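Thanks for coming. I will take this one from the pairing of the chains down to single residues.

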Number of protein chains: 2
Amino acid sequence: MNEIKPLRPAADELLSADAFEAAIRAVGTERYHDKHAFHKLLHGGKLSKAQVQAWALNRYCYQEAVPRKDAAFMSRVHDRELRRAWISRIHDHDGLGDEPGGIERWLILTDGLGLDREYVTSMRGALPATRHIVESYVRFVREQPLVVAVASSLTELFAPSIHRERIAGMLENYAFIGDDVMAYFKRRLTQAPRDAEFALAYVKANAKTRAEQDACVAAVRFKCDVLWAQLDVLNHAYVTPGLIPPGAFVPAP
Amino acid sequence: MNEIKPLRPAADELLSADAFEAAIRAVGTERYHDKHAFHKLLHGGKLSKAQVQAWALNRYCYQEAVPRKDAAFMSRVHDRELRRAWISRIHDHDGLGDEPGGIERWLILTDGLGLDREYVTSMRGALPATRHIVESYVRFVREQPLVVAVASSLTELFAPSIHRERIAGMLENYAFIGDDVMAYFKRRLTQAPRDAEFALAYVKANAKTRAEQDACVAAVRFKCDVLWAQLDVLNHAYVTPGLIPPGAFVPAP
């Protein structure tokens with residue numbers, strides 16, 4: 001009997017750098033949250049101000065988790081040069097010295113939406129599921145092998161296009177959104193590609209077996225799910241069917 | 001029967017800020033590692049160059065753990081202002097931009113002692129116990145309540161005097177120690193008091209029950225033990241009885 005020649009690399013064969021990168025990018029094409037129905041509503045001007053408020057105060061929980069996620073990563077890194085590179089992500093979010101940072105820019109957005117800052121930062125009004133989801137991301141980065149933890153940041157490869165779309169769509173479609181409150185996304189247009197490039201190079205250099213490559217691709221999928229699930233719970237609470245859990249933000253009538 | 005009036009506050013009574021601080025400082029008086037026999041030998045010029053090498057390459061493991069410990073702390077902090085303050089500790093150790101940081105300064109010390117840098121940073125020659133001890137400190141900070149984790153940094157209250165003593169003693173007593181290699185300790189003379197002052201104020205403001213105060217005092221004791229135990233294992237391996245574990249650094253004859 002003739003041996004059957006496989007058309008694709010065997011499941012245990014190391015992918016080439018290009019095939020590995022393509023597998024990572026394919027995850028974005030399939031499941032990055034720019035494809036979520038809620039985002040289409042958000043960017044298309046189809047949401048009420050109250051629904052945009054709900055989005056912004058829930059998304060604050062994610063912003064708030066990101067520097068803790070990055071610190072959790074650094075707490076496991078023995079390579080000083082890697083820590084020295086990674087710390088810029090914390091500076092981007094928390095600020096450094098006079099630079100206020102991305103969380104502060106997010107609060108300018110929630111201010112602009114008329115939300116009380118103490119209410120937003122207390123996270124009292126966020127959906128409980130939002131907080132479970134974002135903390136699961138922090139835990140993933142704390143517990144997974146370093147290369148897999150780095151891979152989970154690679155959704156930033158897909159971020160600039162959603163941010164460009166968001167800036168244009170929200171400015172055009174909502175009278176209550178001004179240029180100033182979009183500062184967060186404008187800054188991310190330059191920060192995210194720098195970080196994504198670094199992380200992609202790291203992952204390509206450090207995933208040395210097919211199993212590690214597969215785990216990295218799965219990490220990008222996991223992270224896409226983290227982002228997608230946040231929109232699912234928003235959509236369920238504030239769009240369809242509009243079932244707000246007890247204690248969560250209730251839009252003003 | 002008359003009630004017996006206690007001479008000291010009951011074990012469940014909140015200590016005054018002054019009494020709390022005094023209890024913390026008393027731990028240093030009793031068990032900070034400046035009282036260890038090995039330090040007396042080190043500062044008094046009683047060690048051979050090889051014994052100083054053993055100290056420096058083991059102590060590197062501690063230096064290497066400190067920024068990971070600080071990142072582990074930050075990964076649990078929801079208060080952005082606290083993270084923005086704490087991150088300077090990571091900058092101090094890892095450097096930032098052009099500033100090379102304390103770990104680099106420690107490697108200038110080990111360079112000056114004639115140790116190969118790759119050998120030092122690989123930590124291959126360190127005593128296994130050293131690494132167990134320092135990782136136990138990282139774990140403590142990762143797992144304990146925040147105020148207790150902060151309290152464990154308070155050994156820095158006691159550091160400047162040991163650093164001054166060390167700079168003077170080592171410069172005076174060892175021909176192989178020059179001014180340049182003591183840069184690490186000189187820098188810590190200003191960094192440690194700033195950090196200790198911040199941490200002491202934090203602990204006094206945030207330990208709100210006697211149980212929390214007691215846990216903070218115990219954390220200072222734990223941290224003193226972390227420092228003391230490192231000298232115990234050095235002394236056992238390289239002074240008395242001089243039993244070097246398999247694989248650890250062996251002084252050149």
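Before the symmetry, one term: copies are superposed by least squares on the C-alpha atoms of residues with pLDDT of at least 70 in both. Keep in mind that this is a predicted model.

With that, chain A goes onto chain B by a rotation of 180° with 0.0 Å of shift along the axis, and the RMSD is 0.0 Å. The two copies are thus related as by a two-fold rotation axis. Which residue of chain A comes closest to that axis? A71(A) does, with its C-alpha at 2.4 Å.

Now the contact between the chains. On each side there are 18 residues: 18 of chain A are in contact with 18 of chain B. Two helices of chain A, α3 (49–74) and α4 (80–94), each supply at least two residues of the side that touches chain B. By type, that side of chain A divides into seven nonpolar, three polar and eight charged residues.

Next, the fold of one chain. Chain A has 11 helices and zero strands. Its radius of gyration is 19 Å, close to the 18 Å that the globule rule gives for 253 residues, so chain A is as compact as a globular protein of that length. Along the principal axes, the C-alpha atoms of chain A fill a box of roughly 75 × 50 × 35 Å. Buried residues come to 43% of the 253 in chain A. As for contacts in chain A with a separation of 6 or more, 78% of them are between residues 24 or more positions apart.

What sits in the core? The largest nonpolar core has 76 residues, and within it C216(A) and C216(B) touch the most other members. Setting aside residues up to four places away in sequence, C216(A) touches I24(A), V147(A), V148(A), A151(A), V203(A) and A207(A).

On to a helix pair. Two packed helices are described by the angle between their axes and the distance between the axes. For α5 (residues 102–112) and α10 (residues 183–206) of chain A, the angle is about 145° and the axes are 8 Å apart. From α5(A), the residues involved are G102(A), R105(A), W106(A), I108(A) and L109(A); they meet A183(A), Y184(A) and R187(A) in α10(A). The residues of this contact divide into five nonpolar, one polar and two charged.

L47(A) lies in the loop between α2 (37–43) and α3 of chain A. Is L47(A) buried or exposed? It has 20 C-beta neighbours inside 10 Å, so L47(A) counts as buried. Apart from neighbours within four places in sequence, L47(A) is in contact with L41(A), L42(A) and V52(A). L47(A) and Y238(A) are 191 residues apart in sequence, and their C-alpha atoms are 9.7 Å apart in space.

M123(A) has a positive phi, about 60°, although it is not a glycine. It is found in the loop between α6 (117–122) and α7 (128–143) of chain A, and with 17 C-beta neighbours inside 10 Å it counts as partly exposed. In chain B, phi of M123(B) is also positive, near 60°. M123(B) has 18 other C-beta atoms within 10 Å and is partly exposed.

Last, the cis peptide bonds. One joins T240(A) and P241(A), with omega about 5°, and P241(A) is in the segment after α11 (210–238) of chain A. Another joins T240(B) and P241(B), with omega about 5°.

Methods:
Residues are numbered from 1 along each chain as its sequence is written. Chains are lettered from A and ligands numbered from 1 in the order in which they are written. This is a predicted model: local features need pLDDT of at least 70, side-chain atom pairs count only at pLDDT 80 or more; totals for chains, interfaces and linings use all residues. Two residues are in contact if their C-beta atoms, placed from the backbone, lie within 7 Å. Helices (H or I, at least four residues) and strands (E, at least two) are DSSP runs, numbered from the N terminus. Ala, Val, Leu, Ile, Met, Phe, Trp, Tyr, Cys and Pro count as nonpolar, Asp, Glu, Lys and Arg as charged, and the others, Gly among them, as polar. The radius of gyration is taken over C-alpha atoms; the globule rule is 2.2 Å times the number of residues to the power 0.38. A residue is buried if 20 or more other C-beta atoms lie within 10 Å of its own, exposed if 12 or fewer, and partly exposed in between; C-beta atoms are placed from the backbone. A nonpolar core is a set of buried Ala, Val, Leu, Ile, Met, Phe, Trp, Tyr and Cys residues joined through C-beta atoms within 7 Å. Axes are lines fitted to C-alpha atoms, for helices over the stretch in contact, and angles run from 0 to 180 degrees between N-to-C directions.
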